[in-house]
Structures are given as structure tokens and as C-alpha cells.
Amino acid sequence: MSTQKPVVVKPLPEQVKMGHIQGLMREITPLLKQDRPRIVFDFSQVCQIDSAGVDMLVDCVEEVARRDGDLKLAAVRPESAIILELTRVDRLFEIFETVQDAVDSFDGLFPLPGRTEAGTRHLSSDAANVNGLGD
Amino acid sequence: MLVSAILLVGPNAAAGDRDSGVSDSHESLGGDPIACIEVLGQTLLQRSVSRLQRDGVRDIAVLADHSLSTLIRSQHTRSTDMVLVNDPMDLWPAAQRKFAEYVENGVDSVVLMRLGAFVEFDLGCLLQFHREQGQPITPVYDGTGPLDYWVLSASCDWSEVSTGRAGAKMSDASSGIRFRTDGYVNRLANAHDLRHLVVDSFLGRCEIRPNGVQVKPGIWVDKGAQVHRRARIVAPAYIGRGVKVRSDALITRWSSLERGCEVSYGTVVEDSSILVDTRLGTGLDVTHAVVWGRNLVNLRHDVALEINDPKLLSGRTDIRRQLVYPTVPSPVESKVPEQPDLNEGASGLRGTIHDAKPALVPSRRNAWAD
């Protein structure tokens, strides 16, 4: 019987910069406050990220770690990857080429994607759970 | 034999086409010609002028369009004649006028150079080859194509050289007998080439040597550089004039910090060139990059970025603006331990300097010796 929580995929906007952070944090905070959150930040749309965005990522990973969860990054474009490398934040995260790879990485099983609310996809990485065979 | 030289600088100097014999390349970084960018303490323009003077060329004219006036003036020496043209398209006609002036003054040959590629050739051999061939124009080529260097005889009638959109074409030259150089050539087409030039200079593959004093094998430090005692410099590296390297910074693997740069607390610079007056923020990892002001070219990802965040990168103008309008430190900044002061008044290098590890640069130490 699996007790794994579903993986939450949060697509980030084009700009993760000062001025956009507050609104973004309002969306993200409820996800971080869950027990053992399992989150993937989808970077595929992110073109610009600055030090405020990097600070936000650090805050998020700290919060997730505090709750014994995990936060992974996926589909990071080169422009963002350079900033993450420059600020050494890349070493705080597991970074995957695709969102699916990131989701799969949580336990190595093949999940079925699903969308439960606007802007946020909840994907279970536990096949049994998705098929309704879990608890 | 009286020889003069005309040096054309700037992207507008390259306006060739398929038939012109002038390469259609625009060697620039952030709009500035690479020839005007300091590499290991001196611009390639200055190095080319010094080289010509060493080879006995008496009169040297540097021609550029007006947009480059600040850059060119900052490098102007009394021994060179600077000509600025208002309309970029006038660059080649201005070269023609200068050529005519030199011929009137009794010059036998004129070396015409469009400063795109960095080329080291034996001028004596080139002039001898030119005389022996008896042709009005001798173009210089390497294995891959034209280098936009020519020798023109005084007898050369420039007006007979067909004119094109750049003001002049070297079509006659390209069809003539070419002088093929086997000297060092770097086409400086992009940031990758700029980095190659720095590495080649450290390795002694070309004649360029870093300015300043070699304080340890492979480590050059220029005047007024300040390195914190807790910073580390690992050979080969170049610390330019007036550079400040703050505490716990690391400069390593063929990196060069050009004049007036500042590397903040804990930042690592590895296999990178930091160009004039650039400030790197706190705790960064600058690797495989060329950085100038807010611009960064990452050579591994092959991506150029403009980073408008003074906490990461800034040029001198940004630093001045910060002094007038101080910014509130971010939460991350406040977590960073207090930054110790530099050893003000340090006459040279105070930081820890490490020789190159043998595994990193085997048997290259002799190449770094003066």
C-alpha cells in the first residue's frame, strides 16, 4: 500500500524577477506548506530570472526541506541555466530535461499525468495510487 | 624603403561581399570592435601599432568611424595619426585619401590592415614578397582565406581598384598573387576566439604577453591590483591594472581580469575573461565565460545574456549609480558573513598565489617564463 503524495508540477512564468516574485509566492506558498511536499518547478517558460528569483528558489527549497519534501527543476532553458550556475543554485536542485523525467525521478515509476486545478498539475508518481488501487 | 600603415577599425570597415576580397565579418563584442578590447592589459589595436613600430613602420594612421571615438582616443598615442569619419561609409574613402597623402610624402609601400583578425606575420618577408612579385597590391591570406591585410605599392592607382558599397573593393588584390602567412592567426570572430587568444597567450603560442609583473610562474599582476590575503590566484591567470579581488575569491584556469575589474567576496572565476571595468557580484561561479559590464557570453552553452541585475554583474556606470541610490540588501546578502576590507594601499599582491598543478598544465611552465 502506497502512502506517497502526488507530485505537484508548478509551471513558472516567463519572468521570475523582482516585481513578479510576490504574486508567484502567493501561488506557491500553499504547495510548500503541505506535509512532505513533492514539487517540480517547470522552467520551460522562464526566460528571465534575477537574484530575487534565485532567492525565491532558495527560500522554496529551504521550506520544502524543512517539511521533509523535495523540490526539483525541469526543462530549464540555457538562459536560466546560466543564472542558476552563476549563482551556484544549480547544485541545490536536481534538474531534469523534461517535466516527466522529474516526476518519474521521485520513485522511478511511470505516472499518468492529470490536471486538477488551473496552472498546477498534480501528477502521481505512484502507479497504484493513480489507478485507484492505493489507499 | 619607406613604409607606412593604415589601420581600419570597426564593424563598418568590414563591408565586403563575395567579389570584394574583403571579408564580410563583424568582429565585435557588445558593439565594440574586438580590436579595441583590452586583452591581457592592452588592446589588439595597441599591440598591432607596437608591432608595426617595432618593424620600422614610421607613419601609422588609425581610421575609425565617429561612434568609436571614445575607444580610439583612449588608445591614441602621439606616434599614430587618428582619423575619425562621421559617416561610417566614408571609412574606405578616407583610407584612400590617407594612402594618397602617404604617396605624396614619398612613401614606397603602404600596409593596409582592417583590424578584424589578429595576425602575426613577418613584415619584412611580406614586403620582400610584394617587391619580388611586382604587383600593385599583395593580399595576405592564411590557410582558410583572406585576412584583410594588404600591401599597396605607391604606384598602385587606388581609383582603378573598383569601388563598391564599402567605398573600395580589393577585387584586383584577391585575384593577384597572395602572400600566405604561416604565423599565428586568430580571426576573433566571436567570444570563443577571444578566449582562445587569451589561452594561446598564456601558453606562448603567440607573441602576446600579459602586461605587468609575473609574480609567480604563470601569474601576472599589473599595477595597482589589490588581492585580498584570503583570495586565491591559481596559475595561469592575469590580474589587470587596478583590479580588486575580494576575500575568498578564486581566480583560476587561464582567467584574465582586465583593468578596473572587481571580483566580490567568494566569487570563483574559472576559464573566463572579465573585460574592463566589470564588477562581479558576491558568491558567483563565473566559468567558461566572457563578461563585460552586464553582458555575459557562456561559452559552454553558447548563449549570450544581458543580466540587468547589479547584484550579479555590473559595469562601472552601475556602480556609480548605486552609490547615489543605495539599494536595500536582500535577505540572501544579509546571510553572507561580513566582508573584510581589502588591504588598502597594498603595493602589489597580498593574496595566496598557487602555482599551476602539474596535472593541469603539464610541462608548460617554461612557456610562462619571461
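Predicted model: local features only at pLDDT ≥ 70, side-chain atom pairs only at ≥ 80, totals over all residues.
1. Residues are numbered from 1 along each chain as its sequence is written, chains are lettered from A and ligands numbered from 1 in the order written, and side-chain values use heavy atoms, without hydrogens and water.

2. Chain B has nine helices and 31 strands. Both are DSSP runs numbered from the N terminus: helices are H or I with at least four residues, strands E with at least two.

3. Of the 370 residues in chain B, 54% are buried, meaning under 20% relative accessible area (1.4 Å probe, protein chains only).

4. Five cavities of 30 Å³ or more are found. A cavity is a set of points on a 1 Å grid over the protein atoms alone where a 1.4 Å probe fits but cannot get out; lining residues have an atom within 4 Å of a point. Volume is the space filled by probe spheres set on the points, which are joined across faces, edges and corners.

5. The largest cavity holds about 80 Å³. Its lining includes B:Asp55, B:Met113 and B:Tyr149. H1(B) gives the most to this lining, with three residues.

6. The second largest cavity holds about 50 Å³. Residues from both chains line this cavity, among them A:Ile82, A:Glu85, B:Val286 and B:Leu296. Helix H3 (78-86) of chain A and strands E26 (285-287) and E28 (295-298) of chain B each supply at least two lining residues.

Methods:
Buried < 20%, exposed > 50% of the residue type's maximum accessible area, 1.4 Å probe, protein only. 1 Å grid on protein atoms, 1.4 Å probe; cavity = no way out; pocket = protein on both sides within 12 Å on 5 of 7 lines; lining within 4 Å.
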